[in-house]
Amino acid sequence: TSDRIDFPEFMASYNHVRDYGFVAFSAMDHVKEATEIYGELDVDSSGEISYGEWCNYIIASEMKAGTKLGKLMDKQRAIHTEEKSTSTQTYVKSVRKGIPKKIVKTFKPITVCGAYSTGNSVSQELMDFLRVFQPLAEKSLVGKKDRQRKFAYADQNHNGYASLAEIEVYIKYSLTSAFPKIKAKDLFLRFRKCFIKAFQRAKSLHDAEGDGQLNGTTCEEYVTFSEFRLFNAYLCIYAAMLDAFSQINATSDRIDFGEFKSSYSYVQNYGFVALSSITNDNQAIDCFNELDIDGSSQISYSEWCNYIIEAEVKAGTELGKLM
């Protein structure tokens, strides 16, 4: 119905194109391979695949594999060097049949609203989660149409307002549309703690009284469609904060000093100013003390998020402005 393919569409239908006779898709047997291939197809990191990106990827795969089709296309097509330079993927030929079987790569950054870009330390789970919701956070015609369609799952009773419970229905629907049930459930549970953070920040955007306070009015207790785009942006950003938090402690909801000191290096490349500035143990000690607002000798997820946001605001970054 459109000239672009988004991530949920690709994940729901990738098995339909495996037997088309193209090397690029013939080995796409599992969700993991499909997710990696989607990242390679989305050269401009727009969250969608254009027909041009689709064709270029197929041709490049045939050429890498040395197939007859690849040789034919190599003779006839012009080499688009500017497109090649944007690719962060390196193909390694299989010693058997010359088919690109393994891909050596780093994560191609996903950028949310031009304000936050993932770093190299993020998990595969975060990348999967962001590929579903990042397109809904962007100011684009395609994004708006997708938001209109998806908001219907958040606004279950069609009154123009989405409660937290309804928002969770929307998130679960979006994940199950993109992944098999088990993986969708794992992602839902992994990032569930950030849902309420994004919800609370988004619902506070509607200030009917103009006093900057929550006054208990209906519009201030729910997310409306006008707030839905930024809800998805906040969802992605709080998910990234939670992912970083879980890199240090994935088994409880608090981080103690020993955990932080031994693991701070794991979160330096997450794309957050507050974490990237920690380069040695002394700075880690100072940072922990600043994070531990209540003096409990442990860091909660809320303290973690507040500290990261305040650092972005103080630094005057685009993320700070968005938050």
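Tutor: Helices (H or I, at least four residues) and strands (E, at least two) are DSSP runs, numbered from the N terminus. The model before us is predicted, so local features need pLDDT of at least 70 and side-chain atom pairs count only at pLDDT 80 or more, while totals for chains, interfaces and linings use all residues. Residues are numbered from 1 along each chain as its sequence is written, and side-chain values use heavy atoms, with hydrogens and water left out.

Student: Which residue takes a positive phi just after α4?

Tutor: Gly66 does, with a phi of about 70 degrees.

Student: How many Å should helix α4 span?

Tutor: The expected span is 1.5 Å times one less than the number of residues. For α4, with 15 residues (51–65), this gives 21 Å, and the end C-alpha atoms are 21 Å apart, which agrees.

Student: Which residues in α4 are buried?

Tutor: Buried means under 20% relative accessible area, with exposed over 50% and partly exposed in between (1.4 Å probe, protein chains only). In α4 the buried residues are Glu53, Trp54, Tyr57, Ile58, Ile59, Ser61, Glu62 and Ala65.

Student: Is Ala154 buried or exposed?

Tutor: Ala154, which lies in helix α8 (residues 141–154), has 0% relative accessibility and therefore counts as buried. Leaving aside residues up to four places away in sequence, Ala154 touches Ala162, Glu166, Ile167, Tyr170 and Phe228, where contact means heavy atoms within 4.5 Å. The C-alpha atoms of Ala154 and Ala165, eleven residues apart along the chain, are separated by 8.5 Å.

Student: At what angle do α9 and α10 pack?

Tutor: Two packed helices are described by the angle between their axes and the distance between the axes. Axes are lines fitted to C-alpha atoms, for helices over the stretch in contact, and angles run from 0 to 180 degrees between N-to-C directions. Helix α9 (residues 164–178) and helix α10 (residues 181–191) pack at about 140 degrees, with their axes 8 Å apart, and they are therefore oblique to each other; the classes are roughly parallel under 35 degrees, roughly antiparallel over 145, roughly perpendicular from 65 to 115, and oblique for the rest. Glu168, Ile171, Lys172, Leu175 and Thr176 of α9 meet Ala184, Leu187 and Phe188 of α10.

Student: How do the axes of α7 and α13 cross?

Tutor: The axes of helix α7 (residues 124–133) and helix α13 (residues 225–248) come within 10 Å and cross at roughly 175 degrees, so α7 and α13 are roughly antiparallel to each other. From α7, Leu126, Phe129, Leu130 and Phe133 meet Asn232, Leu235, Cys236, Ala239, Ala240 and Asp243 of α13.
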